Amino acid sequence: MTDILDWTGARLTDLDIHTNVGRAGELAKRLTDETSAGNLPFLTMPYLPELRQQLADLKEKLAGFDHMLLLGIGGSALGARALQEAFFPEQDMPGHEGPWLWIADNVDPGTLEGYMDRLPPEKTVVVTVSKSGGTIETVGQYFIIREWMEVVLGDRWKDNMVLVTGESGFLREEAETNGIVTLPVPENLGGRYSVLSAVGMIPALFLGMDVDAILKGAMEVAAPLASPDLDGEGLACHESFRIACWGKALMDAGFAELIFFAYIPLWASFGDWFAQLWAESLGKEGKGSQPIPAVGVTDQHSVNQMFLDGPRNKACLFLTCPGLPDGPRFPKDLPDKFDYVRGKDFGELIRAEGLGTMMALQKNDVPLVELRLGADSPKLAGKMIALLGAATILTGWLMDINPLDQPAVELGKRLAKARLGADGLGPEKEDLDAFLSARREIREF
Ligand code: PA5
């Protein structure tokens, strides 16, 4: 056994997971209905043959650039960043000579200006990723970057652009009007579930990752769930379902927070990816649990005190990989008080600290499942992405909410648009006026 979930510390006997396990037949039926209707491309991945061809076609074009500037936000950026940090740490190392991937997933004027001041337009490919094709944070950056490109490159600006978008929306029109190379975000593939499409695979390809291995790993985990023959028994054996049953039982027992503790340091950004996946999918109708990304060992010296001795409302997914490189060896001539590491490999330190933290969490009554990977490889990343994505969908179904939408985030966006003077939005404008004219309780500090 190489890639495993260790349930020993999950406290299954203290939680009512049986009610959820009892719904395996119902959920298996729902899965087969939804997958056969084409509603869950995250699991069925029908777009893969086309994607592989499109990536093969794109490879040569990408090879002509030193820099990729990715414009996108949320699910259009977080998966790409997680892959970049896990499998292309070179960019943050001294002496790196390219390629470089820059991910612009915020509205930070200084950063955007910095990119325009420092990136060479002729050696930069700009990849704008937006499923809806209308997200203002992304499209807003696109407008500015496009003008910057046009000024320097004239009509050739289009050659330095790639769009990744859905079937309709502003970016789709832009693609058609200007003949820009465009790859699709497949229908029904929501942003936070889309890293295994062109959304995450274009940047991965640019950085020279083994894209096939990532996809293969994901398919291994997703295929049984996408099978038309899936039944309750089959689903009950799938670890994604077990995580879902555990996740829902935890919520019912008052565990309001779920830590994603990565003891693979370079995989820290998968914590942010998972946080978006879990939070946007499951924070609905007053239900859900708050995901908390943490990284070992750094967070042992930061938020871990709260995990261990703060409110007892936390559970933990604990990610490890015993096969991480051993790294350099501690010198033999160490002071006596450090003799316990003398002559040992540096990698033994993180293994011991991971074990210590995992045990301490369990001793402090944190229900914990260890996700232990046989390797920190692209294939295993694909497996983990599929496992956690499927677990999230199934948890949402057990909660009787829709894990594929995110309606609550719309209000803030509408209010921001109203503030900027967008047409319509009468009620939001009234709300704004009331908010801005209300007497404020203000104190200097
Ligand atoms: O998961 C989601 O659907 C969202 O987080 C989106 O990824 C995010 O809002 C960006 O949307 P879009 O890709 O349409 O620009």
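Two strands are said to pair if DSSP finds at least two bridges between them. Helices (H or I, at least four residues) and strands (E, at least two) are DSSP runs, numbered from the N terminus.

This report concerns a predicted model, in which local features need pLDDT of at least 70, side-chain atom pairs count only at pLDDT 80 or more, and totals for chains, interfaces and linings use all residues. Residues are numbered from 1 along each chain as its sequence is written, and side-chain values use heavy atoms, with hydrogens and water left out.

**Strand β2 and its partners**

Strand β2 (residues 67–71) runs parallel to strand β4 (residues 124–130), and five bridges join the two. Within this pairing, T124 of β4 is the bridge partner of H67. Five bridges also link β2 with strand β3 (residues 100–104), again in the parallel sense, and L101 of β3 stands opposite M68. Together with helix α5 (residues 78–87), β2 and β3 make a right-handed β-α-β unit; right-handed here means that, with the strands pointing away from the viewer, the path from the first strand over the helix to the second runs clockwise.

Five of the five residues of β2 are buried (under 20% relative accessible area, with a 1.4 Å probe and protein chains only). In a regular strand the side chains alternate between the two faces of the sheet. In β2, H67, L69 and L71 point one way, and M68 and L70 the other way.

**The five-strand sheet**

An open sheet of mixed pairing has the strand order β1-β10-β9-β7-β8. Its edge strands, β1 (4–6) and β8 (290–295), each pair on one side only. Strands β1 and β10 (residues 368–372) run antiparallel and are joined by three bridges; R372 is the bridge partner of I4.

Angles run from 0 to 180 degrees between N-to-C directions, and axes are lines fitted to C-alpha atoms, for helices over the stretch in contact. Contact means heavy atoms within 4.5 Å.

**A helix pair and a buried threonine**

Helices α4 (residues 48–63) and α10 (residues 211–226) pack at about 170°, with axes 12 Å apart. They are therefore roughly antiparallel (angles over 145 degrees). L48, L51, R52 and L55 of α4 meet V211, D212, L215 and M219 of α10.

T392 lies in helix α16 (residues 378–398) and is buried, with a relative accessible area of 0%. Beyond its neighbours within four places in sequence, T392 is in contact with residues including Y193, W278 and P403.

Notes:
Buried means under 20% relative accessible area, exposed over 50%, partly exposed in between (1.4 Å probe, protein chains only). Angles under 35 degrees count as roughly parallel, over 145 as roughly antiparallel, 65 to 115 as roughly perpendicular and the rest as oblique.
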